[in-house]
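Here are my notes for a first look. Please read them with the structure open beside you.

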Amino acid sequence: MTETPSWQEAMMIAASLGAPVPAHPVPLAEAIGATAAEELRTRIPLPHYDSAAMDGYAVSGPGPWRLDPVGSAEPTGGLDSEPHRTSGTRPLPQGCARAVLTGGLIPEGTSSVLRQEFADDRGGWLHLAGDRTDDPPAAARGDLTPGRHIRTAGCEAPAGTVMVTEGTVLSPAHIAYLSIAGFDEVLVRSRPRVTVLTTGDEVISRGMPQPGQVRDAFTPVLPTVLGSLGARPVQVHRVGDDRGELDRALDAAVDASDLVVTTGGTGRSGADLVRRALTDRGTVAFSEVAMRPGHPTMAARLPSAERAVPVVALPGNPLAAMVALRVVVQPVIEAMLDRAPRPVSRVPTEPVQPSRVDRLLPGLLAEDGLWRTTEATGANMLRGLAAAQGLLVLPREGISDGGEAVLLDLPW
Ligand SMILES: Nc1nc2c(c(=O)[nH]1)N[C@H]1C(S)=C(S)[C@@H](COP(=O)(O)OP(=O)(O)OC[C@H]3O[C@@H](n4cnc5c(N)ncnc54)[C@H](O)[C@@H]3O)O[C@H]1N2
Ligand code: MOO
């Protein structure tokens, strides 16, 4: 077991507990938000053929041009059902023009594409608009610059360009990009299965709490938050404050999951069963973290039939649990998905006095451009977190005037 790690060390130890989960192929539309388990490169140049960037005419030479009927730009006439393709099926002779649509094939021999609005069709001969007055607009003349309005094959990316690296979280933009490049499926990491066990006989799930009771802050949110981190919550169980019941719940959870997250029972009183159970039955990676709130957070591995499953024990105090979720649970899931850890940013803040331990508190960007902690940031409180835009790290050595603080993004 490590001596009390700092929050940064706890992040690294947590990441070392999560081995990558298996990968499987999924159709593109199902891959948004998933993690790529392979590097993908363009198999074709993008775009994959020379095409027109405007509706108009492929022209060859300075004009006027004899109109060539191949690849009519008016498919509604019923003459040509594939105008994008047929515009390029045979070469364009010198001195000729042929109708092309945006995205249509450029025929061999084309010098540029003349936009429809700058073209004047006079009975089989095409002229630059304005030719009659011998004064075509400069923009129309510009369309005759060689290569104008032609998207050359590969101008976006040559074949073999890296599109997605292993570990990329696939955004809608990645999926659209892969679709354009002809992919139908992508290999992604399976979502790690997570079981949540909440403890605390005083915790109730409905109605107005009486003194000595508390409404459950975790069950309504942890499945969604864990889901947005990339995991698949399989079960959320309430466990009574009874060691036998807790041991049975832990056994079932490690058998059914890749990760187990518990809440509460991490203190050092006789009632704090989770700490005792993990200490007795598991291999503890750390039993506390040098931060406030979230100090009593534990990470361990518990043996199942074939493997050792990581277990993270979050404190019962709601803000402490949310901070520990960001610092400890998120890196385990990222490691299981083989994702790079989320980068942390540095933000300007007010001076901060030194303190006994690093504090990770709900923070907000104020109108003066400085980040400040919110009101109501006690370990048991949620008011500050509900108003927060991130977790501000106030280091124990303090922050001097004009200094910066590390900001961790919230996992939602
Ligand atoms: N003698 C000591 N007491 C405490 C210590 C300590 O070191 N020695 N540490 C304090 C710190 S720091 C924290 S954090 C908490 C850790 O608490 P536990 O993980 O043991 O959690 P519980 O005792 O079960 O609950 C603490 C608090 O949180 C409420 N709670 C629990 N579950 C929920 C839930 N699902 N939704 C909302 N609130 C919940 C519970 O009712 C308690 O009020 O211990 C300090 N004490
Ligand atoms: O460490 Mo406790 O988590 O401050 O409230």
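Which residues does UniProt list for "domain: MoaB/Mog"?

1. The UniProt entry, which is unreviewed, lists residues 195-335 for "domain: MoaB/Mog". Keep in mind that the model shown here is predicted. In this model, the span 195-335 is 34% helix and 28% strand.

2. The shell around ligand 2. Start with the run Arg292, Pro293, Gly294, His295 and Pro296. Asn317, Ala320 and Ala379 complete the set of residues around this ligand. By class, the shell holds four nonpolar residues, three polar ones and one charged one. Arginine is among the residues that count as charged, so Arg292 is the charged member of this shell.

3. Look at the oxygen atoms of the ligand. One lies 2.4 Å from a backbone N or O atom of glycine 294. For arginine 292, the side chain supplies the N or O atom, at 3.2 Å from an oxygen atom of ligand 2. Asparagine 317 also uses its side chain: an N or O atom there is 3.4 Å from a ligand oxygen. Please check the glycine 294 distance of 2.4 Å by eye.

4. The largest pocket. What is its volume? The value is about 410 Å³. Its lining counts 21 residues. Nearest the centre are Glu202, Val203, Val214, Gly316 and Asn317. Asn317 also belongs to the residues around ligand 2.

5. The cavity. How many cavities of 30 Å³ or more does a search of the whole structure find? The search finds one. The largest cavity has a volume of about 40 Å³. Its lining includes Thr199, Val239, Gly240, Asp241 and Leu246. Gly265, Ala271, Leu273 and Val274 line it as well. Five of the lining residues are nonpolar, three are polar and one is charged. Aspartate counts as charged, so Asp241 is the charged residue in this lining.

6. Strand 5 and its partners. Strand 5 covers residues 65-68. With strand 9 (residues 125-128), it pairs in the antiparallel sense over two bridges. With strand 6 (residues 96-100), the pairing is parallel and runs over three bridges. Arginine 66 takes part in both pairings. Its bridge partner in strand 9 is tryptophan 125. In strand 6, the partner is cysteine 96.

7. Two cis peptide bonds. Where does proline 47 sit? This proline is in the loop between strand 2 (40-41) and strand 3 (51-52). The bond that joins leucine 46 to proline 47 is cis, with omega about -15°. Another cis bond runs from glycine 63 to proline 64, with omega near 0°. Proline 64 is in the loop between strand 4 (56-59) and strand 5.

8. A backbone angle to inspect. Histidine 149 has a positive phi of about 60°, although it is not a glycine. The residue is found in the loop between helix 3 (138-142) and strand 10 (150-151).

Conventions
Residues numbered from 1 in each chain as written. Chains lettered and ligands numbered in written order. Predicted model: local features only at pLDDT ≥ 70, side-chain atom pairs only at ≥ 80, totals over all residues. Heavy atoms only, no water. Near = heavy atom within 4 Å. Polar contact = N/O pair within 3.5 Å; in protein donor to acceptor, adjacent residues only side chain to side chain. UniProt positions renumbered as here; feature names shortened; annotations may be inferred. Helix = DSSP H or I, 4+ residues; strand = E, 2+ residues; numbered from the N terminus. Pairing = 2+ DSSP bridges. 1 Å grid on protein atoms, 1.4 Å probe; cavity = no way out; pocket = protein on both sides within 12 Å on 5 of 7 lines; lining within 4 Å. Points joined across faces, edges and corners; volume = space filled by probe spheres on them.
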